[in-house]
Amino acid sequence: MKLFRVAEPSDHFDWIFELKHDGFRSLAYIENGQCRLVSRRCNVYKSFDALRKSFGQLQVENAILDGELVYLDSHGHSQFYELLYRRAQPVFYVFDLVWLNGKDLRQLPLMERKQHLRDLIQTSGNPDLIYAQFVEESGTALYREICERDLEGIVCKRKSSVYSKDRRAWLKVKNRNYTQAKDRQELFNPSERRSGLGRRRG
């Protein structure tokens, strides 16, 4: 499910609004007591062993969760470089559930998938899984708040949306003054990666 960038937030009763944490987007594939974490570019993460072991112990036949691998400081703020350089243990900020116990949930409306996800996380008691809370209607106020707190941005999602990459049902609004984004583009410049100066996310 792709995020399409827009310049400004909005308010609408048909949409929900979530905090956009600054980390690595990932799908968690869980089956037979094992877990694979796969990036949005379909690379399998080789690190995060503790998380993968923890998720493999979930009491499910199988599941696919969509979320963000993040490291949160004592204030609950994402610290991207702590995660990038593997200096701290991350958690999985989960915002969608697309498969559960042999059932494909992708054609369910977002709010139904959210309820299934909340139930799964609450019953699991797993501290490494964080359910993505949201607000309804008030996207502008949430965006203003995250900018004041120097957070990355917000994600806007249509309540009725199914899980499909062909729909512009998920939007992101980034904080233009977010301090951790400074020099980020240079860090992941292809020429720097080839010269060994950059570091891959996978």
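Analyst: Two strands pair if DSSP finds at least two bridges between them, and a strand is itself a DSSP run of at least two residues, labelled E and numbered from the N terminus. This is a predicted model, where local features need pLDDT of at least 70, side-chain atom pairs count only at pLDDT 80 or more, and totals for chains, interfaces and linings use all residues. Residues are numbered from 1 along each chain as its sequence is written, and side-chain values use heavy atoms, with hydrogens and water left out.

User: Which sense does the pairing of E1 and E11 have?

Analyst: That one is parallel: E1 (residues 4–5) meets E11 over two bridges. Arg5 has Lys172 of E11 as its bridge partner.

User: In what order do the strands stand in the sheet?

Analyst: Reading across, you pass E1-E11-E10-E2-E9, five strands in an open sheet with mixed pairing.

User: Why is one side of E1 and of E9 left without a neighbour in the sheet?

Analyst: E1 and E9 (135–138) are the edge strands; each has a single partner strand, so one side of each has no neighbour in the sheet.

User: Now a single residue, please. Is Lys157 buried or exposed?

Analyst: The idea is to look at relative accessible area, found with a 1.4 Å probe on protein chains only: under 20% is buried, over 50% exposed, and in between partly exposed. Lys157, which belongs to strand E10, comes out at 1%, so Lys157 counts as buried.

User: Which side chain makes a polar contact with the side chain of Lys157?

Analyst: A polar contact is a pair of N or O atoms within 3.5 Å; within protein, one must be able to donate a hydrogen and the other to accept it, and residues adjacent in sequence count only if both atoms are side-chain atoms. For Lys157, the side-chain partner is Glu18, at 2.8 Å.

User: What else does Lys157 touch?

Analyst: Contact means heavy atoms within 4.5 Å. Leaving aside residues up to four places away in sequence, Lys157 touches Asp14, Trp15, Ile16 and Glu18, together with Phe95, Leu110, Ala169 and Trp170.

Terms used: Helices (H or I, at least four residues) and strands (E, at least two) are DSSP runs, numbered from the N terminus.
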